[in-house]
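Subject: Structure handover

Hello,

Here is the structure I promised you. Please open it beside this email and follow along.

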Amino acid sequence: MWEPFSAKLKMMAEDFPSIISKAVESSCKKLQDDISVLQEENRTIRIEAEKLSCNLMLAEIDHSRVEDAMSTDFGRHARRPPIYAIRCSS
């Protein structure tokens, strides 16, 4: 009576290493796929961050140029005599 049951258990016990091995291989494959996806996303994010950094640097350069132009223009106006002084001297 126990003979078929113990034979079945023996067969299952012999299959455990194969079942576990396949499960581990499957999990490893999935993890490798996930790592590849994350690495690609990481590369994309780094590229975007570099683009933003370059854009920020260019914006800072433009801002600096505008500030320089404004201070030069204000300096020119500050050195000029007032308009009424020019009219009075003519």
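Start with Arg43 and Glu40. They sit three residues apart in helix α1, so about one helical turn separates them. Arg43 is partly exposed, at a relative accessible area of 46%. Glu40 is partly exposed too, at 42%. Keep in mind that this is a predicted model.

Why can such a pair form? Side chains of opposite charge can pair when their charged atoms come close.

**The other pairs**

How many salt bridges does a search of the whole structure find? It finds four.

Lys51 and Glu48 form a salt bridge through their side chains, at 3.6 Å from N to O. They are three residues apart in helix α1, which means about one helical turn lies between them. Lys51 has 47% relative accessibility and counts as partly exposed. Glu48, at 40%, also counts as partly exposed.

Asp33 is partly exposed, with a relative accessible area of 36%. Lys29 is partly exposed at 48% relative accessibility.

**The nonpolar patch**

Which residues form a nonpolar patch on the surface? They are Phe5, Leu9, Met12, Phe16, Ile19, Ile20 and Val24. Together they have about 670 Å² of accessible area. Find Ile19 in the viewer: this patch member is found in helix α1, which covers residues 3-79.

**The whole chain**

Last, zoom out. The protein chain has two helices and zero strands. Helix α1, residues 3-79, is one of the two.

What share of the 90 residues is buried? The answer is 0%. To count as buried, a residue needs under 20% relative accessible area. Asp33, for example, has 36%, so it falls in the partly exposed class, between the buried and exposed cut-offs.

The accessible surface of the protein chain comes to about 8,600 Å². Carbon and sulfur atoms account for 64% of that surface.

Best wishes

Definitions and conventions: Residues numbered from 1 in each chain as written. Predicted model: local features only at pLDDT ≥ 70, side-chain atom pairs only at ≥ 80, totals over all residues. Heavy atoms only, no water. Patch = residues over 30% accessible without salt bridge, like charges linked within 9 Å, V, L, I, M, F, W, Y side chains within 5 Å. Areas by Shrake-Rupley, 256 points an atom, 1.4 Å probe, with all protein chains shown as cover. Helix = DSSP H or I, 4+ residues; strand = E, 2+ residues; numbered from the N terminus. Buried < 20%, exposed > 50% of the residue type's maximum accessible area, 1.4 Å probe, protein only.
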